[in-house]
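Subject: Structure for your review

Dear colleague,

I am handing over the structure we discussed.

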Amino acid sequence: MDFDFDTQLELRGTHCSKYDGIEKMFGVDGEGVIPMWVADMDFPAAPAIRAALQVELDRGYFGYFTNPTPVSQSVADWYQRRHGWSFDPEAVRYTHGVISGYADVLAAYSEPGDAVITFSPVYHAFFRKLRAMGRTALQCPLVERDGIFHMDLDMLSGMLTGNEKIMTLCSPHNPGGRIWSADELKAVADFCAAHDLILISDEIHMDLCFPGAKFTPIGIAAPEHMDRTVVLNAASKAFNIAGGETGLAIIPDEKMRRKLDAVMMDRESSPNRFAMMMIKAAFTECDDWIDAAREYLAENFRIFAERMSALPGVRVMDMQSTYLSWVDFTDLGMSDAELIKRLVTEAKVAPSPGTQFELGGTGHMRFNLALPRPTLLEAISRIERAFSDLQ
Ligand SMILES: Cc1ncc(COP(=O)(O)O)c(C=O)c1O
């Protein structure tokens, strides 16, 4: 089936964070600005997901949801079919979103005052959440080599204080779209075992690998360490349904699961009926949609990288997955404020400031490329014009 990713949806005035949140985020009138920050796609959700919601709407019953096993089976089948990892569907729990699941995991396996490891720069909400819960971040800098990020576990060993309880792994990595190899993942899991750390693997971007690129779940790379591992995921990022809050946690180990269950029981957290319908549709009926989206996004990245890299002093990190491109402007010698002014005020293109991603983020910007091609091309042309004095 063909899907239309080229038509721009009108999203202003629809409570859309990416469009209607520009003014609050950047302090400028959002009218006319192309948003390249919040990680949503400007594409309509897959027809199968919309049809699943329509069934619910037509029935008109929106009551409490029970018996999640068929949904969990769809999650397990998808992981098995697309990524080769098998697990018992009973290992799946549902959260409001990945970050609310992250909060549950922090509550279950750490205490206020404990340290949580990240490889930075990394998705900013981890910091917001862990600090709000009284934990501290130990940020191990990612090392850029051969144009992509690498984790340096020797460096991390030298940074440990003994206070660390949890390792946060973003796999694939946001920003920069790095897919960690099975060997790299196993080394991280072995590190966690050697230092008695709980490993959280956030795999929310796994289905956004470019055609030909292979994602390895932590459950395949390090099955022997599942007694200390929680996988967080959601149908939200790949299937563009983030407002549906479709988070889930996979905890194969029963003892680990009991601890998380206790936290979730405390919160009276129960699945959202609409989210459950969307998860099931995404993971059973949307193979062709996601394959088409991955191709479209890979081509968007190819075009963006080629034209942005032609600007003097601008380097685009090579990317194998996600639609979140990491761009290095440090050679221009501009401050972060100057860069944002040029991009948002002059070019009228709004990326995520690199500083949000903390260590290693200054002088960088993260660009969301999940735009219809004509909008993306317009955004690139605007950036080229705003930086034309540097040519
Ligand atoms: C790595 C990562 N984890 C989690 C999230 C957010 O997930 P949720 O909206 O389900 O909390 C994002 C959103 O961009 C992300 O990039």
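Predicted model: local features only at pLDDT ≥ 70, side-chain atom pairs only at ≥ 80, totals over all residues.

Salt bridges

The count of salt bridges comes to 23. One of them pairs the side chains of K18 and D42, with N to O at 2.5 Å. K18 sits in helix α1 (residues 17-20) and D42 in the loop between β1 and α3 (47-59), so this pair ties together parts that are 24 residues apart in sequence. Both ends are covered: K18 is buried, with a relative accessible area of 0%, and D42 is also buried, at 0% relative accessibility.

Two further salt bridges lie within helices. In helix α15 (residues 373-386), E378 and R382 are four residues apart, about one turn of the helix, and their side chains meet at 2.8 Å, N to O. E378 is partly exposed, with a relative accessible area of 33%, whereas R382 counts as buried at 17%. Elsewhere, salt bridges that share partners join R81, R82, D287, D291 and R294 into one network.

E254 is partly exposed at 47% relative accessibility, and R258 is exposed, with a relative accessible area of 52%.

Loop residues

Which side chain of opposite charge is nearest to R135, a buried residue that has no salt bridge? It is D114, 5.7 Å away; a salt bridge would need a side-chain nitrogen of Arg within 4 Å of a carboxyl oxygen. R135 is placed in the loop between α6 (125-132) and β4 (136-141). Its side chain reaches two backbone oxygens, that of S110 at 2.7 Å and that of E111 at 3.5 Å.

T322 is in the loop between β11 (315-316) and β12 (324-328). T322 is buried, with a relative accessible area of 0%, and its side chain reaches the backbone nitrogen of L324 at 3.1 Å.

Surface patch

On the surface, E10, E23, D29 and E31 gather in a patch of negative charge. Of this group, D29 lies in the loop between α2 (22-26) and β1 (34-36). D29 is exposed, with a relative accessible area of 53%.

Regards

Note on methods:
Residues numbered from 1 in each chain as written. Heavy atoms only, no water. Patch = residues over 30% accessible without salt bridge, like charges linked within 9 Å, V, L, I, M, F, W, Y side chains within 5 Å. Areas by Shrake-Rupley, 256 points an atom, 1.4 Å probe, with all protein chains shown as cover. Lys, Arg positive; Asp, Glu negative; His and termini not counted. Charge placed at Lys NZ, Arg CZ, Asp CG, Glu CD. Helix = DSSP H or I, 4+ residues; strand = E, 2+ residues; numbered from the N terminus. Buried < 20%, exposed > 50% of the residue type's maximum accessible area, 1.4 Å probe, protein only. Polar contact = N/O pair within 3.5 Å; in protein donor to acceptor, adjacent residues only side chain to side chain.
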